[in-house]
Amino acid sequence: MLGMWKSNAPDEFVCIKFDMEISEGSSLSDVASSTTNSSGRRQNSAEVKEGQSFSMCKRLVQMMQGNIWISLSPLGFAQGMTLVLRFQIHPSYGRAVFSPGTSSEQPNSNPQFRGLHVILADDDHVNRMVTKKLLEKLGCEVTAVSSGSECLSALSSAENSFILVVLDLQMPEMDGFEVATRIRKFRSRNWPLIVAVTASAEDNVWERCLRMGMNGVIRKPVLLQGMADELQRVLQRAREQF
Amino acid sequence: MDSVVLLQRQLVDYTAQLFNEGFLDDQFNQLQQLQDESNPDFVVEVVTLFFEDSERLLNELAKALEQQSIDYRKIDAHVHQLKGQQLQKVCIAFRNYCEERNIEGCQKCLQQVKNEYSLVKTKLETLFKLEQQVLAAGGSIPWPM
């Protein structure tokens, strides 16, 4: 019943066609009968009204650059209705969110992460590689650095300020707390957003991070769902503050 | 056709075994989830990197323990970098020995860690080899499981 084909305009439009079958006694035949002769007088006004509603539909559809028509049986009864709608295709930017991958689920194809610029700071080679891939899978644009000082210079050379920093707390030369303190000192209170990553299971890590001006905390091991949930929460909070 | 099914079976069974024995965990599943067309060898790359890093770390540890005057803080920092659920107990013991400046204890732990890494490496190499065999026979890998 549902068919789709591309129009001649390359890559600009797609047309979707709905084919509907009208069975006997369905109300669509009443709609269609405005174009055929009616039998009783009592039905007249109802038919006219319904005829009008069909015309309105037709008008709306045509304004949407589509079309709608009734196909008649040999005996003049409506047997089908066809609706065609045309949609413009928009180029998709951002990565990996809606692309099929070998994994059958994309649990976090969340449009709000698409194009989000993330600076990832982690001194551990393996962790950096995995977390970067994880963030890219969520749709983020990731710049990965291996130290606190690299993180600060990446921030200062960033083009815009809509950035989220994912910061490993346990880095050797400059730990995450110090990085956060410096970021908050020299930049605005709200941007960039900072999310800490820690292996610590201590209760007061959360408080300590918040006091330092961070916006979120993720516990290791970092998993896709955990990261997605915390990022979502942090972004939501940020939106509420504006 | 039969050989592919047989190989796939082997792969599935072996993977399940590794999970049961604690050599693989959720993080491995996640690695598979992150692997896709843009990065078809992601799992192998990460695991390879992990073992390269670990080997370097273990060598540093061995060297540090051979010094005339041992820098226990440095050793402790290295131990802190060791990853692996199964190693937790050994690492705790290792760090305790560092605090006590017990060189024999440290060396014993180091050997335990080395053995464990060696074991995991062998198991994973076997796993990847099985994977290759399945692919070579024309089958597909039944990830994630």
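Which side chain meets that of B:R56 in a salt bridge? In this predicted model, the partner of B:R56 is B:D53, at 3.4 Å from N to O. Both residues belong to helix α3 (residues 42-66) of chain B, where they stand three residues apart, about one turn of the helix. B:R56 is partly exposed, with a relative accessible area of 47%, whereas B:D53 is buried at 15%.

**Salt bridges**

Over all chains, the structure holds eleven salt bridges.

| Pair | N to O distance |
|---|---|
| B:R56 and B:D53 | 3.4 Å |
| B:K123 and B:E21 | 3.4 Å |
| A:K17 and A:D19 | 3.8 Å |

B:K123 lies in helix α6 (residues 103-136) of chain B and B:E21 in the loop between α1 (2-20) and α2 (26-34) of chain B, so this pair ties together parts that are 102 residues apart in sequence. B:K123 counts as buried at 19% relative accessibility, while B:E21 is partly exposed at 35%. In chain A, A:K17 is partly exposed at 27%, and A:D19 is partly exposed at 30%. A network of salt bridges also links A:K133, A:K137 and B:D36.

**A helix pair in chain B**

The axes of helix α4 (residues 72-81) and helix α5 (residues 88-100) of chain B come within 9 Å and cross at roughly 170°; the two helices are therefore roughly antiparallel to each other. Residues making the contact include B:I75 and B:V79 of α4(B) and B:C91 and B:F94 of α5(B). By class, this contact has six nonpolar, one polar and two charged residues.

**Cysteines**

The count of disulfides over all chains is zero. B:C91 has as its nearest cysteine sulfur that of B:C109, 8.4 Å away. B:C91 is buried at 11% relative accessibility, and A:C140 is buried at 0%.

How values were computed: Residues are numbered from 1 along each chain as its sequence is written. Chains are lettered from A and ligands numbered from 1 in the order in which they are written. This is a predicted model: local features need pLDDT of at least 70, side-chain atom pairs count only at pLDDT 80 or more; totals for chains, interfaces and linings use all residues. Side-chain values use heavy atoms; hydrogens and water are left out. Axes are lines fitted to C-alpha atoms, for helices over the stretch in contact, and angles run from 0 to 180 degrees between N-to-C directions. Helices (H or I, at least four residues) and strands (E, at least two) are DSSP runs, numbered from the N terminus. Angles under 35 degrees count as roughly parallel, over 145 as roughly antiparallel, 65 to 115 as roughly perpendicular and the rest as oblique. Contact means heavy atoms within 4.5 Å. Ala, Val, Leu, Ile, Met, Phe, Trp, Tyr, Cys and Pro count as nonpolar, Asp, Glu, Lys and Arg as charged, and the others, Gly among them, as polar. A disulfide is a pair of cysteine sulfur atoms within 2.5 Å. Buried means under 20% relative accessible area, exposed over 50%, partly exposed in between (1.4 Å probe, protein chains only). A salt bridge is a side-chain nitrogen of Lys or Arg within 4 Å of a carboxyl oxygen of Asp or Glu.
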